[in-house]
Amino acid sequence: MTENDFLPGDYQNLPEQGKVTWKAPSNIALVKYWGKRPVQMPANPSISFTLDACATTTSVSFEKKNTKDGFSFDLFFEGKPKDDFKPKIQTFLERIEMYLPFLKEYHFTIGTSNSFPHSSGIASSASGMAALSMCLMDIEKQLNPKLDDSLFFVKASYLARLGSGSACRSTKGNLVQWGAHQNIPNSSDLYGIEYPFEINPVFKSYCDTILLVHKGQKQVSSTVGHQLMHGHPYAENRFEQAFSNLDRLKPILADCNLEEFIELVESEALTLHAMMMTSMPYFMLMKPDTLEIINKIWEYREATKTPVCFTLDAGANVHLLYPEADKEKVQDFIKNELAEHCQNGQYIHDQVGLGAIKING
Ligand code: DP6
């Protein structure tokens, strides 16, 4: 599909008002997206587990307005007005306007809330932009009932990408791949696709416990981080590595080769942080507790042969990944050994999930 496929058809009816609600999950990348070119095109392909418990629920109420001269919206986060999110939403609406021409016909009231604790340091842009995109597509579907289901989801992912790159991997489950790759049919830089190859059932119920090492504002936004890959001395090698890691993952996911899975996933996480440490300016997002946790995971894995591994996003928190079959013992290990390295002892148990869902009412 090309960008033109996302231009809308003729609208049949423009309702006076309405309300839609969608819930979209967060995701955790196994092969990381780090580096992009305008507009929101990834420098390399990536793949993620869609999560389940960590999610954003967004309602969009819409009401016909008299003028069409600009976007009009109010934004509420957890029931309270949230004006500091408005510029991001404004940019998003400007980017997607040509694909959703009804945007200037309505005044929107956007209400959003996260399942995870506020300021937990978990990125909410992926789930937030995915939930908002699902809502806007739902309105588009009301205006154009002929819109088919598969285009509905692909276009939602396309729009979400224009809000935040990783958000395009949050509309569907359980493994979503984004970024054109010659060996992955239908892969595209424009949107995420459900991983088209065999996935061993073990990975469809994989567990992810997010250890909240450091809450609060990140030292560097991911937008700035992506930019630092321009002119980065190791960028080209890194991008090639991501392409080849996607090739390597294919048999790993089909045959459930956990040893190689662990090696690839941990290497991706450390490479992401190595890129940040070797960019100019350089920065370090791991905290002492991040390293303590990583060392304890390695010791525990060595001692118990339990296939538990870690990944990181652009922050200090650690995602602990393990098969559901090992849930009980790993969660004991977390409680007894790792919780002490988390801020206020906080962590969130999550699992691979199925993607965005509509909420009725
Ligand atoms: C490290 O999707 O947050 O989590 O497109 O600028 O919104 P923008 O970036 P964003 O970057 C996510 C980076 C990452 C890796 C990943 O999720 O693949």
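Student: In this predicted model, how far is the sulfur of Cys-207 from the closest cysteine sulfur, and in which residue is that sulfur?
Tutor: A search of the whole structure of this predicted model finds zero disulfides. A disulfide needs two cysteine sulfur atoms within 2.5 Å. For Cys-207 the separation is too far for a bond, and the side chain belongs to a residue that is buried, with a relative accessible area of 1%. The closest cysteine sulfur is 12 Å away, in Cys-309.

Student: Which cysteine sulfur is nearest to that of Cys-256?
Tutor: Cys-256 is in no disulfide. Cys-256 counts as buried, because its relative accessible area of 19% falls under the 20% limit. The nearest cysteine sulfur is 12 Å away and belongs to Cys-309.

Student: Which residues of helix α9 are buried, and how wide an arc do they cover around the axis?
Tutor: Helix α9 spans residues 327–338, and its buried residues are Val-330, Gln-331, Phe-333, Ile-334 and Leu-338. In an α-helix there are 3.6 residues a turn, so residues three or four places apart point the same way.

Student: What is omega for the peptide bond from Met-280 to Pro-281?
Tutor: Pro-281 has its place in the loop between α7 (258–277) and α8. The peptide bond leading from Met-280 to Pro-281 is cis. Its omega is near 0°.

Student: What is the phi of Gln-40, and is this residue buried or exposed?
Tutor: Gln-40 is found in the loop between β2 and β3, where Val-39 also lies. Most residues other than glycine have a negative phi. Gln-40 has a relative accessibility of 5% and counts as buried. Its phi is positive, near 60°.

Student: What phi does Glu-78 have, and what is its relative accessible area?
Tutor: Glu-78 is located in the loop between β5 (72–77) and β6 (80–81). Although Glu-78 is not a glycine, its phi is positive, at about 50°. The residue is partly exposed, and its relative accessible area is 36%.

Student: Which residues does Asn-144 touch, leaving out those up to four places away in sequence?
Tutor: Asn-144 is in the loop between α2 (125–143) and α3. With a relative accessible area of 9%, Asn-144 is buried. Its contacts, not counting residues up to four places away in sequence, are Gly-9, Asp-10 and Tyr-11.

Student: Which element gives the most to the lining of the second largest pocket?
Tutor: This pocket holds about 160 Å³ of space. Two or more of its lining residues come from each of α3 (149–163) and β9 (192–194). The element that gives the most, with four residues, is α3.

Student: How does the lining of the second largest pocket divide by class?
Tutor: Among the lining residues are Ser-150, Phe-153, Cys-168, Arg-169, Lys-172, Gly-192 and Glu-194. By class, the lining has five nonpolar, four polar and three charged residues.

Student: How many cavities of 30 Å³ or more does the search find, and what is the volume of the largest?
Tutor: The search covers the whole structure and finds one cavity of 30 Å³ or more. β7 (106–114) and α2 are the elements that give two or more residues to the lining of the largest cavity. The volume of the largest cavity is about 50 Å³.

Student: How do the lining residues of the largest cavity divide by class?
Tutor: The lining consists of Val-60, Phe-73, Leu-93, Leu-103, Phe-108, Ile-110, Leu-132 and Leu-136. The division is eight nonpolar, no polar and no charged.

How values were computed. Residues are numbered from 1 along each chain as its sequence is written. This is a predicted model: local features need pLDDT of at least 70, side-chain atom pairs count only at pLDDT 80 or more; totals for chains, interfaces and linings use all residues. Side-chain values use heavy atoms; hydrogens and water are left out. Buried means under 20% relative accessible area, exposed over 50%, partly exposed in between (1.4 Å probe, protein chains only). On a 1 Å grid over the protein atoms alone, a cavity is a set of points where a 1.4 Å probe fits but cannot get out, and a pocket is an open set with protein on both sides within 12 Å along at least five of seven lines; lining residues have an atom within 4 Å of a point. Grid points are joined across faces, edges and corners, and a volume is the space filled by probe spheres set on the points. Ala, Val, Leu, Ile, Met, Phe, Trp, Tyr, Cys and Pro count as nonpolar, Asp, Glu, Lys and Arg as charged, and the others, Gly among them, as polar. Contact means heavy atoms within 4.5 Å.
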